[in-house]
Structures are given as structure tokens and as C-alpha cells.
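This report covers side-chain packing and the pairing of aromatic rings. The chain under discussion is shown here.

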Amino acid sequence: MKALISTIEPRLTGYRVAQVVADSKTFPVSPELFWTEFPSNLDPALVLEDKYWYDPSDQTIKPIPQPEPPPEA
């Protein structure tokens, strides 16, 4: 699978993972976007919920840390 990275949408210290598609479904993109491999151990369905970001320092896709739920009273 391929992940579409948007360099104009900052996330943490990297960029937004905008879309995930099968390798055969990639398409030409503008210079602000690029394709990279999407790790098989991550859930592509969570991309729609903005749960991942691309870290350019090591060229990997990582989960966005989620806040802890508030304690129940």
C-alpha cells in the first residue's frame, strides 16, 4: 500500500498522511505531495481519522499520540 503525504499540512514535527491506496491505484500529484510505502502493521482505515503522521527525520509513518481519556468520577 502507498500513503499520500501532504507537506503543506504539518503534524507534530512532520506532515499529514492524507490518503492510503493500493500500489496500483497511485496517481500523479503536485510537488507539495508525495507517495511513500504505508507499513503493513498499521490500519489504513485510521488515516481517515488523522491518526498517523509522516516523520521526515527517519522517513516513517507513525501514530499520532492520543490524549488519555479523563478519569471517571
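V47 is in contact with V17, A18, Q19, V20, F38 and Y52, neighbours within four places in sequence being left aside. The model is a predicted one.

V47 also belongs to the largest nonpolar core, which has 10 residues. Besides V47, its members are A3, I5, V17, V20, F38, L42, Y52, Y54 and I61. Strands β1 (2–11), β2 (14–21) and β4 are the elements that give two or more residues to this core. In soluble globular proteins, nonpolar side chains tend to be buried together.

Aromatic rings are a second topic. A pair of such rings is described by the distance of the centres and the angle of the planes.

| Pair | Centre to centre | Angle between planes | Class |
|---|---|---|---|
| F27 and W35 | 5.1 Å | 90° | edge-to-face |
| F34 and Y54 | 5.2 Å | 75° | edge-to-face |

The pair of F34 and Y54 links distant parts of the chain, as its residues are 20 apart. F34 lies in strand β3 (residues 33–37), and Y54 in strand β4 (residues 52–55).

Is Y54 buried or exposed? Y54 has a relative accessible area of 6%, so this residue is buried.

Definitions and conventions:
Residues numbered from 1 in each chain as written. Predicted model: local features only at pLDDT ≥ 70, side-chain atom pairs only at ≥ 80, totals over all residues. Heavy atoms only, no water. Phe/Tyr/Trp six-rings, centres within 6.5 Å; stacked < 30°, edge-to-face > 60°. Helix = DSSP H or I, 4+ residues; strand = E, 2+ residues; numbered from the N terminus. Buried < 20%, exposed > 50% of the residue type's maximum accessible area, 1.4 Å probe, protein only. Core = buried A, V, L, I, M, F, W, Y, C linked by side-chain atoms within 4.5 Å. Contact = heavy atoms within 4.5 Å.
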